[in-house]
There are 4 protein chains.
Amino acid sequence: MSPDPRDPGYADRVRAEFDKQGFMAFLGAELASIAAGAVEIRLPVRPELSQQHGHAHAGAAWAIADSAAGFAAQSLMAAGDGVVTVELKINLLAPARGEALVARGAVVRAGRTLTICRADVFAVSDGTETAVATALGTFMRVPG
Amino acid sequence: MSPDPRDPGYADRVRAEFDKQGFMAFLGAELASIAAGAVEIRLPVRPELSQQHGHAHAGAAWAIADSAAGFAAQSLMAAGDGVVTVELKINLLAPARGEALVARGAVVRAGRTLTICRADVFAVSDGTETAVATALGTFMRVPG
Amino acid sequence: MSPDPRDPGYADRVRAEFDKQGFMAFLGAELASIAAGAVEIRLPVRPELSQQHGHAHAGAAWAIADSAAGFAAQSLMAAGDGVVTVELKINLLAPARGEALVARGAVVRAGRTLTICRADVFAVSDGTETAVATALGTFMRVPG
Amino acid sequence: MSPDPRDPGYADRVRAEFDKQGFMAFLGAELASIAAGAVEIRLPVRPELSQQHGHAHAGAAWAIADSAAGFAAQSLMAAGDGVVTVELKINLLAPARGEALVARGAVVRAGRTLTICRADVFAVSDGTETAVATALGTFMRVPG
C-alpha cells in the first residue's frame, strides 16, 4: 500500500473521472469515500439489478468492485494519468441480499506501469454488512 | 466440451431463466443463440454503458460474459438444476468500441458439481468483430 | 473467516496431509505454522528454484500459496474431509529475491462445498519481508 | 493472435531463455516445440511431483503453463526483450494422472506492453491426452 499520492488534488480528480462513467450513473452507483489508495463505491439495489434468483446480479458487484479498485489505483497516480483495467477476477461469497452493495477498493502494490488492487464487496441490510464478493486485479497507468 | 445435454428442453429452459434476469433486461442484452454447452448474448451499446473514455464499460462485458458462460453451463444440466457463478476472471484485450458487444460462452469441462467455462467478448462495428475480452470461470450446479 | 474448526485435531491432520505431498518435500517447503483457517509455509530459496533472471520462479510461489491456502481450507473441515484446488489466481508483485519465501494462506469464506481462500507470499531477506505475490482461489471439500 | 514475430531468431532465443530457468530443469521439464506465439512444454511425471492423492501437484501444472504461456508471449517480441508474469490464473479440470504433463501456451493478444496468453495442460497416459487444467494470464514485456 502506498499512502503517498503524487497529486494532492487526487480526490477531486477521481470524483471528476467517476462522473464521466455513464455506466456508474446508469447503475445508480455513488462515490462514497476517497482516500489515497482506497476508494468506496455504494450501489443501492433495485429490481433492475437482479439475477434469476432475485438477488443483485454479480455483474453489478463486479462493476463497482472494478471501479472502486481502479479509482484506488488512480488516486495514487500523477495528475494527468488515466487508468484502464487489465484484468479483474471476482469470487462470489454469498448471495447479494440487502438494500445496497458497497465495494471497497484498495491498492496492494502501486508500480510504475501496473497497479495491483483488491476490492471487497458487501451487501448492506438494516445497517449490517455481509461480505458477498472479493476481487483481485491489475490496472495499467495511461500516461497523461 | 460435453455436447450431450441431459435435458432435451434445455433451450427453452435457458431462455426462461434469462428472462428472469432483470439485470440483462436493464442492460438491454438479448439471448442470441443457445446450443448445448454454448450460449451467445448480444448487447447493443448505448451511452449509458460507457466508462470515462466513452467506450463500453468493462462491467457490461463482464456481465454478458458471465451470463453467456453460466447459461452454457446450465444448458448441460438436468431440467431442475440451477447455476451460480463461483468466480469469473476477465482479461480486457482492447477498448470496446462499436454498436454492440457479443459474448460467446462455452463449457470447458462439465463436472457433477462444478462446470468450468470460458467466454469471449467481441465488439461489433459495421459487421466486423474485434475481440475485446476473454473470461475464464467456475460455475456451481444448484440441484433442483 | 471461520475460526471454529470442526475437528479439534486439525493441526495434526494438516501436518499428516502435508507430509504426503511429495512436491512440497521436493521443493524443500516446510509447514511453519497451523491455526484454524490460517496456514504458513516456508520455502528456503535455492538455485534450482530460479527463473531466467535468477530470482525464485513464480511456480514456486504459486505452489506454496496453493498449499498454504488449501491447508487453511482443510483446517476448518471435518476429520475425514479432503480438499482439492478448483482454481487459483496469483498476482506477482515484485521479484522474489531473498533466502526464503513464506506463504500465508487464510480462509476468506468457508462454505459447505467450496472454501474461498487468499494467500500472500513474501520474500525474506535478512529478516525483512517483502510482499512478492498475492493469490485468491477456490477449494472444494472432498467428503471423507 | 499475432503470428508475425519481430525477431526471426525467436526460437533460438526462447530456447536459450528456457535453459536459464533452473526451475524447469529441476522439475525435469523440456521445451517440446516453439512456434511464433505458441510454445509447448513437456514434463515427465515422477513421484517427487505428487500431491497428497498421488497425482501430479497442481504446482507443476501451473509452472509449465506459466512457462509455456510466457515463452509464447516472448516469441513475438523483439530480440532484446524479456518477459515477466504479471498474473496467471489456473482452473484445474481433472486429476493429473499419467506419465507426462504437456502445457500448450498461446498468445491471445500481443500488445505493446502487455501480452495476454492462455495455456492448456494435458496429462498423457499411454499416448492419450486428457485435459487437466486451463490457464489465462497477463505477461509484461521488459524492454531490452
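**Entry 1: the sheet of chains C and D**

In what order do the strands of the open sheet of 12 strands run? I note at the start that this is a predicted model. I read the order as β1(C)-β2(C)-β4(C)-β5(C)-β6(C)-β3(C)-β3(D)-β6(D)-β5(D)-β4(D)-β2(D)-β1(D), and the pairing is antiparallel. I then looked for the edges: they are β1 (30-35) of chain C and β1 (30-35) of chain D, each of which pairs on one side only. The twist from one strand to the next averages 20°.

A reminder to myself: backbone hydrogen bonds are what pair the strands of a sheet, in a parallel or an antiparallel way.

Next I picked one pair on the chain D side. β3(D) and strand β6 (residues 128-142) of chain D run antiparallel and are joined by 10 bridges. I followed Leu92(D) across and found Ala133(D) as its bridge partner in β6(D).

**Entry 2: what lies on that sheet**

Which strands does helix α3 (residues 58-75) of chain C touch? I listed β1, β2 (38-44), β3 (82-92), β4 (100-110), β5 (114-125) and β6 (128-142) of chain C, and also β3 of chain D. The helix packs on the sheet with its direction at about 40° to that of β4(C).

I then turned to helix α3 (residues 58-75) of chain D. This helix lies across β1, β2 (38-44), β3, β4 (100-110), β5 (114-125) and β6 of chain D, together with β3 of chain C. The angle I noted for it is about 40° to β4(D).

I moved to chain B and checked how covered strand β5 (residues 114-125) is. The strand is mostly covered, with 10 of its 12 residues buried; buried here asks for 20 or more other C-beta atoms within 10 Å of the residue's own.

On one side I found strand β4 (residues 100-110) of chain B, which pairs with β5(B) in the antiparallel sense over 10 bridges. Within that pairing, Gly105(B) stands opposite Ala119(B). The hairpin from β4(B) to β5(B) goes through three residues.

β5(B) also pairs with strand β6 (residues 128-142) of chain B, again running antiparallel, through 12 bridges. There I traced Val121(B) to its bridge partner in β6(B), which is Ala133(B). How many residues lie between β5(B) and β6(B) in their hairpin? I found two, and Asp126(B) in the turn has a positive phi of about 50°.

**Entry 3: helix against helix in chains A and C**

In chain A I looked at helix α1 (residues 10-20) and helix α3 (residues 58-75). Their axes come within 9 Å and cross at roughly 145°, and the crossing is right-handed. From α1(A), the contact takes Tyr10(A), Val14(A), Glu17(A) and Phe18(A); from α3(A), it takes Phe71(A), Gln74(A) and Ser75(A). Sorted by class, I get four nonpolar, two polar and one charged residues.

I repeated the look-up in chain C, where helix α1 covers residues 10-19. The axes of α1(C) and α3(C) come within 9 Å, crossing at roughly 145°, and this crossing is right-handed. Here the contact is made by Tyr10(C), Val14(C), Glu17(C) and Phe18(C) with Phe71(C), Gln74(C) and Ser75(C). The class count is four nonpolar, two polar and one charged residues.

**Entry 4: how the copies are related**

Six residues of chain D are in contact with six residues of chain A. Strand β3 (residues 82-92) of chain D gives the most to its side, with three residues. By class, that side has two nonpolar, two polar and two charged residues. Why do I say that the copies meet through the same surface? Because 100% of the interface residues of chain D are also interface residues in chain A.

For chains A and B, a rotation of 180° with 0.0 Å of shift along its axis gives the superposition, at RMSD 0.0 Å. In chain A, Lys89(A) has the C-alpha nearest the axis, 1.9 Å from it. Here too I found that 100% of the interface residues of chain A are interface residues in chain B, so these copies meet through the same surface.

Notes
Residues are numbered from 1 along each chain as its sequence is written. Chains are lettered from A and ligands numbered from 1 in the order in which they are written. This is a predicted model: local features need pLDDT of at least 70, side-chain atom pairs count only at pLDDT 80 or more; totals for chains, interfaces and linings use all residues. Two residues are in contact if their C-beta atoms, placed from the backbone, lie within 7 Å. Helices (H or I, at least four residues) and strands (E, at least two) are DSSP runs, numbered from the N terminus. Ala, Val, Leu, Ile, Met, Phe, Trp, Tyr, Cys and Pro count as nonpolar, Asp, Glu, Lys and Arg as charged, and the others, Gly among them, as polar. Two strands pair if DSSP finds at least two bridges between them. Axes are lines fitted to C-alpha atoms, for helices over the stretch in contact, and angles run from 0 to 180 degrees between N-to-C directions. Copies are superposed by least squares on the C-alpha atoms of residues with pLDDT of at least 70 in both. A crossing is left-handed if the near helix is turned anticlockwise from the far one by less than a right angle, and right-handed if clockwise.
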